[in-house]
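The sequence and the structure come next.

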Amino acid sequence: MNESLREIVFDTETTGFNYSGDDRIVEIGCVEMLNHTPTGKTFHCYINPEREVPEEVVRVHGLTTEFLSDKPKFAEIAKDFVDFIGDANMVAHNAVFDMNFINAEFRRLGMQEVSFDRMVDTLAISRKKNPHLAKHNLDSLCNRYGIDNSHRELHGALLDARLLAEVYIELLGGKEVDFFKTSDEEMEITASSQNKIKKKPFRPSRNFSIPEADLKNHNDFIASLGDNVIWNKKESAI
């Protein structure tokens, strides 16, 4: 069987932009994909950032300090998160931002960081594929590919990861991206069928004679059509 390509489309919400300072992750949302198709498996959690969430950031994602105060700290969800992502490629929009925050959290815990070699940046893909677009943010790409994002009033990690998974499929060429890929099982079935066909005994072609009465009736019918019918034109070719 062909080896499945496993990818994790993910997004984070944070307290700000300074991953190397005191800004922290407040939400993670992940969507699992196999061979560019969502499996339905997700990982999602809100995280206590152990600090205040600035009001201007709350206006972006709606996650207040009070709401997050009783949520688990990153250290409490780190193992579950690592178990979920495994060794899959990590797909994100402006992926460097999200990966920097993820790895900053891992560094604080003395855990192994995620290699940037596993990173797939849909922002970079969009800029290359759609150089004519004025904007390449998630809302613009949803509009570009006809993806319904009407329920996206605020940023949300899992919601955005789900939308990004759809955008990612379109960036790769749409739902037909794997249309021409054939599994080993299908190849085996096809080969088996071909072998069966090849093993059939050879049968020479058979000639069928036309009864004189039928031939006369046919010629009489043609003659009744006049001289301009196609059968009487010597230049015509079948």
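## Terms and basis

Buried means under 20% relative accessible area, exposed means over 50%, and partly exposed lies in between, with a 1.4 Å probe and protein chains only. The model is predicted, so local features need pLDDT of at least 70 and side-chain atom pairs count only at pLDDT 80 or more, while totals for chains, interfaces and linings use all residues. Residues are numbered from 1 along each chain as its sequence is written, and side-chain values use heavy atoms, with hydrogens and water left out.

## Arg152 and its partners

Arg152 is buried at a relative accessible area of 13%. Its side chain meets that of Asp160 in a salt bridge (a side-chain nitrogen of Lys or Arg within 4 Å of a carboxyl oxygen of Asp or Glu) at 2.7 Å, N to O, and Asp160 is itself buried, with 4%.

Arg152 also forms a salt bridge with Asp139, where the closest N and O atoms are 2.9 Å apart. Asp139 counts as partly exposed at 31% relative accessibility.

## The whole structure

Twelve salt bridges are found in a search of the whole structure. One of them joins the side chains of Asp23 and Arg51, at 3.0 Å from N to O. Asp23 counts as buried at 9% relative accessibility, whereas Arg51, at 23%, counts as partly exposed.
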